[in-house]
Amino acid sequence: MLLLALDTSTPAVTVALHDGERVLAEATTVDPRRHTELLMPLVTAALAEAGASRRDLTELAVGVGPGPFTGLRVGLAAARTMGAVLDLPVRGVCSLDVLAYGVRAANPPGEPFAVATDARRREVYWATYDAGGVRTTGPDVGPAAGLAERRLPAAGAGARLYPDAFARALDPEYPSAAHLAAAVVAEAAEILPPDPLYLRRPDATPPSARKSVLAR
Amino acid sequence: MSDQPLILGIETSCDETGVGLVRGTTLLANAVASSVDEHVRFGGVVPEVASRAHLEAMVPTLQRALAEAGASLDDVDAVAVTAGPGLAGALMVGVSAAKALAVALDKPLYGVNHLVGHVAAEQLENGPLTEPVVALLVSGGHTEILLVEDIATSATLLGQTLDDAAGEAFDKVARLIGLKYPGGPNIQRAAEEGDPAAIRFPRGLTSQRDLERHRYDFSFSGLKTAVARWVETAEREGRAVPVADVAAGFQEAVADVLTRKAVLACQERGISTMVLAGGVAANARLRDLTRERCAVAGIELRQPRFSLCTDNGAMIAALGAAVVERGLPPSSLDFASDSSLPVTQVLVG
Ligand SMILES: [Zn+2]
């Protein structure tokens, strides 16, 4: 098998190739404003590094967020399009679960923990996990202060942005496509359709009553 | 015909997800999914709503275009995509999909200019253009006069709106007189019953002084305010607002100033062909007045059918075909979409 994994739900644009045994190539660039520019060059570079062609791919995995919408859509549009063109299955995984898998892979805290990423507007996208890394609540979006009572250790950029709300910051800070690929291969993550987890409605209000243009 | 390369074009700059297939100047497919219905209750295009709709529509629209053309992806020789100008988040969906498509097919990718694409669409209707041409582009997102010296390489902006796009002005005035979004068709319908000479609304940037500084530019905010004042004054005085006459008078003011300046540009630049395109080019009064004035001025008017006037993927494929035919190098895979891409940049690097 050859799995291409990618995630654009945070400022990190991350891609990886996995052959079912191990990660053959991975690359991550952190830049919140350049997702469309970075993603496909990273994909072609990973394929070249692994000595593989696009025709060798057998499945795709994509982080479905939650995350800032514009960046999130870049990865989903790419994964869905590649899946359709190459006729490959596209597995969606909650991007917070990717971070949680990274926590377990790196340095498991041995206690319940949280994942919190930057949702802007002084809020985080968050989920909580038991000591074994199984999601217990979330994904959701809201002020980090809402999690302060539990004082969990937390991975993700949100834990760094709002240190008062968490016991301490865990690694990783950003999701890694290598973790995403490994989680899919190990069947250690819930597989979702490749649909974005927006969690917020679009900012838009129907027009209000018109204002007077005449002097009173 | 079949020895010309098959170009697939993707357009997502505003609220239409478009995928088109073109060989040379031959149209093979033009599939469009519009999110216009989702914007109605907001009275205008909501960028986030449009972007979400693009993501959902992209793959189905691609499949529809292929079915329409009776083509398979293996037949595609190159991919073209709108790199800008347009709504930033909306553009990114199309560019990301196009890059993934190009990589998955291992075919060259061309990021092209949306505005020049509107002009290229005309070639699908009436065959190759003889440049130079002046193009009047009027839509809900833009209002420009372009000078196109070479469709694949050289275009300049002669004038543009300083505030609202013409289509936005239609939307806002429609609201003022109790008509629904989108304003264009609804104002046109109301105006059919009205007298365009009953109320004379101002023509923006047509005074002698304005013509010096903004010879080919437009402004519709003053017109919109004038309509608002007129309507409000009538209401205060307890008079019924003659919706049909207001609609007709407003539509006449827009059509008058658009055509007057476009014809002026042709005359002053010695250009004998004008292309009229963009969603507002569907307006019957604008079409008629443009035809009339071009005929008087001895200018050949060219305009594509409505489905090629509004935003669509075929126009992007058509421009891509022109660029490919010229043997220009493809865009690099790391090009950025640019919401304010200048019209001088027909193809991005
Ligand atoms: Zn347009």
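**Cavities and a metal site**

Mentor: This predicted model contains 2 cavities of 30 Å³ or more.

Trainee: What makes a space a cavity?
Mentor: A cavity is a set of points where a 1.4 Å probe fits but cannot get out. The largest cavity here has about 50 Å³ of space, and its lining is A:S9, A:T10, A:P11, A:P68, A:T117, A:D118 and A:A157.

Trainee: How do you know which classes line the largest cavity?
Mentor: Ala and Pro count as nonpolar, and Asp counts as charged. The lining therefore splits into 3 nonpolar, 3 polar and 1 charged residues.

Trainee: What lines the second largest cavity?
Mentor: That cavity, of about 30 Å³, is lined by residues including B:F170, B:Q251 and B:L286. Helix α9 of chain B gives the most, with 4 residues. By class there are 6 nonpolar, 2 polar and no charged residues.

Trainee: Which residues are the protein donors of the zinc ion?
Mentor: They are B:H114, B:H118, B:H142 and B:D311, at 2.1 to 2.3 Å. Donors must lie within 2.8 Å of the metal, so these atoms qualify.

Trainee: Why is the arrangement around the zinc ion called irregular?
Mentor: Four tetrahedral donors need all angles between 85 and 135 degrees. Here the angles run from 89 to 158°, which makes the arrangement irregular. Within this site, B:H142 and B:D311 link distant parts of the chain, 169 residues apart.

Trainee: Are B:H142 and B:D311 buried or exposed?
Mentor: Both are buried, a word that stands for under 20% relative accessible area.

Notes:
Residues are numbered from 1 along each chain as its sequence is written. Chains are lettered from A and ligands numbered from 1 in the order in which they are written. This is a predicted model: local features need pLDDT of at least 70, side-chain atom pairs count only at pLDDT 80 or more; totals for chains, interfaces and linings use all residues. Side-chain values use heavy atoms; hydrogens and water are left out. On a 1 Å grid over the protein atoms alone, a cavity is a set of points where a 1.4 Å probe fits but cannot get out, and a pocket is an open set with protein on both sides within 12 Å along at least five of seven lines; lining residues have an atom within 4 Å of a point. Grid points are joined across faces, edges and corners, and a volume is the space filled by probe spheres set on the points. Helices (H or I, at least four residues) and strands (E, at least two) are DSSP runs, numbered from the N terminus. Donors are N, O and S atoms within 2.8 Å of the metal (3.2 Å for Na, K and Ca); water is not among the atoms, so sites may look incomplete. Four donors count as tetrahedral if all angles lie between 85 and 135 degrees; four count as square planar and six as octahedral if opposite donors are over 155 degrees apart and all others between 65 and 115; anything else is irregular. Buried means under 20% relative accessible area, exposed over 50%, partly exposed in between (1.4 Å probe, protein chains only).
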